[in-house]
Amino acid sequence: MSDIKVTIIDREGVSHEVDAPTDMNMNMMEIVRVYELVEEGTFGVCGGMAMCASCQCYVESPETPLPEMNPDEDAMLAEAFHVRENSRLSCQLAVTPEIEGLVLQIAPEQ
């Protein structure tokens with residue numbers, strides 16, 4: 001198993017450094033849910049299809065290389081609440097070795 005370290009700041013402002021496996025085809029939404037860092041039923045409601053924006057996070061580590069935003073993610077964030085320049089849908093951020101050290105802050109509930 002090949003893990004990377006990422007930091008997730010929950011909705012109460014508590015920082016959690018967690019291990020994220022790069023060999024299981026997971027995304028950051030799933031990592032947040034696995035570690036139970038949000039109340040059940042409030043995050044990733046659409047199951048990771050970029051159709052609800054409930055998994056919105058703020059990227060607090062701009063130096064981390066992330067994939068470009070796809071049109072579906074861009075369109076969903078255009079309709080979401082609490083959007084910032086550094087907003088991303090965590091379901092669209094694959095867990096890969098390149099994102100080692102990523103820092104995400106979970107956006108407030110919609």
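Buried here means under 20% relative accessible area, exposed means over 50%, and partly exposed lies in between (1.4 Å probe, protein chains only).

## Ground rules

This is a predicted model, where local features need pLDDT of at least 70 and side-chain atom pairs count only at pLDDT 80 or more, while totals for chains, interfaces and linings use all residues. Residues are numbered from 1 along each chain as its sequence is written, and side-chain values use heavy atoms, with hydrogens and water left out.

## The cysteines

Let's start with Cys-57, which counts as buried at 1% relative accessibility. Its closest cysteine sulfur sits in Cys-55, 6.6 Å away, and that is too far for a bond. A disulfide would be a pair of cysteine sulfur atoms within 2.5 Å, and a search of the whole structure turns up 0 of them.

Cys-91 is in no disulfide either, with the sulfur of Cys-55 as its nearest cysteine sulfur at 3.8 Å. Cys-91 is buried too, at 7% relative accessibility.

## The sheet

Helices (H or I, at least four residues) and strands (E, at least two) are DSSP runs, numbered from the N terminus. Two strands pair if DSSP finds at least two bridges between them. On that basis there is an open sheet of 5 strands, in the order 2-1-5-3-4 and with mixed pairing. Strand 2 and strand 4 (87–89) are the edges: each has a single partner strand, so one side of each has no neighbour in the sheet. On average, neighbouring strands are turned by 40° against each other, direction ignored; axes are lines fitted to C-alpha atoms, for helices over the stretch in contact, and angles run from 0 to 180 degrees between N-to-C directions.

Contact here means heavy atoms within 4.5 Å.

## The core

A nonpolar core is a set of buried Ala, Val, Leu, Ile, Met, Phe, Trp, Tyr and Cys residues joined through side-chain atoms within 4.5 Å. The largest one has 29 residues, and Ile-8, Met-28, Ile-31, Phe-43, Leu-89 and Ile-106 have the most contacts inside it. Among the elements that each supply at least two residues are strand 1 (3–9), helix 1 (28–34) and strand 5 (103–106). Helix 1 gives the most, with 4 residues.

Setting aside residues up to four places away in sequence, Ile-106 touches partners including Ile-8, Phe-43 and Cys-57.

His-16 lies in strand 2 and counts as partly exposed at 22% relative accessibility. Beyond four places in sequence, the residues His-16 touches are Val-6, Thr-7, Ile-8, Asp-10 and Leu-37. With Asp-10 there is a side-chain to side-chain polar contact at 2.8 Å. A polar contact is a pair of N or O atoms within 3.5 Å; within protein, one must be able to donate a hydrogen and the other to accept it, and residues adjacent in sequence count only if both atoms are side-chain atoms.

Asn-27 is in the loop between strand 2 and helix 1, and it is buried, with a relative accessible area of 12%. Its contacts beyond four places in sequence include Ser-90, Cys-91 and Val-95.
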